[in-house]
Amino acid sequence: MSDQRLFVAALFDPEAPCPAGLTAWNGSDPARRFAVYRNNVVVSLIDALADTFPVTLELVGEEFFRAMAGVFMRAAPPGSVLLAEYGAGFPAFIERFEPARSVPYLADVARLELLRVRAFHAADADPISPARIARALADPERLPALRATCHPSLGVLRSDYAVVSLWAAHQGHGDLAQVDPFVPESALIVRVGLDVQVLALPPGGDTLVASLADGLPLGQAAALALAAREDFDLTAHLALLLRMGALTALVQPTEA
Amino acid sequence: MSKSLTSTALSATALALALGTALTLSAAPASAADDKEKCYGVAMKGKNDCAAGPGTTCAGTSKTDHQGNAWKYVPKGSCEKTASPTSPTGFGQLAAFKEKKA
Amino acid sequence: MTMQTPFELSARGVPVRRTYSDGLPNRAGLGLKPQHFAEILATEPDLGFFEIHAENYLVAGGPFHHYLHRIRDRYPLSIHGVGLSIGAEGPLDPTHLDRLATLLDRYQPQSFSEHLAWSTHGGAFFNDLLPLPYNRVTLDRVCDHIDRTQEHLRRRMLLENPATYIEFAASTLDEAAFIAEIVQRTGCGLLLDVNNAYVSGVNHRRDPQAYIAALPLSEVGEIHLAGFAEDRDAAGAPLLIDTHGAAIAAAVWELYAFALERLGPTPTLIERDNDIPPLSVLLAEARCAERWIGYAQRDRLEISA
């Protein structure tokens, strides 16, 4: 009934014949001409994934990546016209993808890359002002109950693998051969100005930032971080977050 | 600072002290160490456009490229350079797997 | 539409007279590419306008909006949609129309355009401009979609003629007649893509000049120029691919001159989306287009004198 449904089915299945009713002025086989569309769709969507996941691609090589992305793309073509959003399901797909099992950290590296793209396009927000912090400090008894609003670009990734070191080694920082991928690492991803930054968070630090991002009160987030790691340096982590502009507001529970 | 905060029962005073000190520290210019950790502008491009792909009529349509039942690729990228304590060779163990038929 | 003042400062601060055709100045413009953001702001090249693909800027914030905002302050802007899927069998996506309306409100472009093509079906997006047959059924559907778009965005849009690689047995109208009737029924304008006219002309062995002459040229608000790649069909006949990945071909420049003779000076975009060269290379192509626009202007003056 739907011509476009048949057209789409043939775009995604290379075994399918060219849709009926296509013609060429010279009577040549329209399949060859239809292949231009098939190529454009398939290649451009795989290219979009390659743009979003460049380190994932480097880790497994172009040939493996493009073939893997092709399997994903056929199972899950974009559900949005905005290609910047495409690939949200790719890390979970990689995790279940048998041929990639020899690279167990691949899915988490892809998660880190996805968080970077999200951070890049996330909404703008001004960092919390020193005056607002000073006001909060003037009333220390109420401080533990305050909730921090994180910058819209902020993401935390807790991994069983050395995601930050693996990723950084592909940016020319550190020797990949010296990275032990099986050391757990947590990543903080946040846009500072126009640059997306990736930082390794030590144990405790990841707990603090993830708790703040989940909307827990300051006191509870700090206590959880200290419980995770007894020599956790709360001051240094708060200073880091403030310096990066990663916190945008302090909110009283009643204001929330 | 951190020494005074080893208790998991965090007092309001300790939190205020940490936040106050953090405020002072964060006003200082970023140190060289921070610059090193900073990671690189994102060379992100706009992914939506209205051009045809640079490939030809053949690219992307080869039957072997994307059919799961004929999966023939193994990872051959920089993962081969990563250390793998679980591997007898000390490096990433690469092996082809047959894809399960969906 | 915002009011246009007859005098504006050029990018270099020189007052210039501008005649507007659907809002854009009768000059050459370039597609805005992120790799050129910083250089454009640093050097402020003398250029008629920039064009963006709407979908790349339907994001919440970050560098794309940071730079576009600053560039919009200095140059006229054309917003060119690539994902509205006007030729789709299904209804237009109201969410997408809302997002477009917000973007247009934010940047107040001098022009908004979309394609005679489809790129979505059943909730999936294919990132390609797919072809449709030209007959009464598709004509009604396309006209309905354009009516809804213009109502929703509360402005006139320009419709771009496509580059296609196949034709449909189900077509009963030729492409120029199909487009002419759309323009007549919806009141939309035309974005004449000269490269597409050439590419489709070669691919379907029709005369690109006759094709252009058959279009409602008085409604053209903008021209697109781009480069193509060459392939072959199953019979070995040339099959041109609209890649936007090369310099504009000599034959397309000639066809552009033919179009300008009939149109008079018209805003003209140099499109490059693949293998993007340094800004200076694109600016040279823009200057070349402006020479042709200048000739068209002079011809007009001679005729009216």
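Which axes come within 9 Å of each other and cross at roughly 115 degrees in chain C? Keep that in mind while you load the model, which is predicted.

**Stop 1: a helix pair in chain C**

Select residues 194-203 and 250-263 of chain C. These are helix 6 and helix 8 of chain C, and theirs are the axes that come within 9 Å and cross at roughly 115 degrees. The crossing of helix 6 of chain C with helix 8 of chain C is right-handed. Now show side chains. Helix 6 of chain C brings C:Val194, C:Asn195, C:Ala197 and C:Tyr198 to the contact. Helix 8 of chain C answers with C:Ala251, C:Val252, C:Leu255, C:Tyr256 and C:Ala259.

**Stop 2: the barrel of chain C**

Stay in chain C and switch to cartoon. Eight strands form a closed barrel in the order 5-6-7-8-11-13-14-17, with parallel pairing. On average, neighbouring strands of this sheet are turned by 30 degrees against each other, direction ignored.

Then select residues 94-107 of chain C. Here helix 3 of chain C lies across strand 7 (77-80) and strand 8 (111-115) of chain C. Helix 3 runs at about 175 degrees to strand 7 of chain C.

**Stop 3: where chain C meets chain B**

Bring chain B into view. The contact takes 21 residues from chain C and 13 from chain B. Together, chain C and chain B bury about 1400 Å² between them, with 54% of it on carbon and sulfur atoms. Highlight C:Asn56, C:Asp231 and C:Asn274. These three supply 25% of the area that chain C buries against chain B, more than any other three residues. How many salt bridges cross the interface of chain C and chain B? The rule finds zero.

**Stop 4: the open sheet of chain A**

Move to chain A. Three strands form an open sheet here, in the order 3-4-5, with antiparallel pairing. Strand 3 (155-159) and strand 5 (195-201) of chain A each have a single partner strand, so one side of each is left without a neighbour in the sheet. Neighbouring strands of this sheet are turned by 20 degrees against each other on average, direction ignored.

Select residues 185-192 of chain A, which make up strand 4. Strand 4 and strand 5 of chain A pair in the antiparallel sense over seven bridges. Along this pair, A:Val192 stands opposite A:Asp195.

**Stop 5: a salt bridge in chain A**

Over all chains, the count comes to 25 salt bridges. For one, select A:Arg191 and A:Asp124, whose side chains meet at 2.7 Å, N to O. A:Arg191 sits in strand 4 of chain A. A:Asp124 lies in the loop between helix 6 (106-121) and helix 7 (130-137) of chain A. The pair links distant parts of the chain, 67 residues apart.

Technical notes:
Residues are numbered from 1 along each chain as its sequence is written. Chains are lettered from A and ligands numbered from 1 in the order in which they are written. This is a predicted model: local features need pLDDT of at least 70, side-chain atom pairs count only at pLDDT 80 or more; totals for chains, interfaces and linings use all residues. Side-chain values use heavy atoms; hydrogens and water are left out. Two strands pair if DSSP finds at least two bridges between them. Helices (H or I, at least four residues) and strands (E, at least two) are DSSP runs, numbered from the N terminus. Axes are lines fitted to C-alpha atoms, for helices over the stretch in contact, and angles run from 0 to 180 degrees between N-to-C directions. Contact means heavy atoms within 4.5 Å. A crossing is left-handed if the near helix is turned anticlockwise from the far one by less than a right angle, and right-handed if clockwise. Buried area is the accessible area (1.4 Å probe) that two parts lose on being put together, summed over both. A salt bridge is a side-chain nitrogen of Lys or Arg within 4 Å of a carboxyl oxygen of Asp or Glu.
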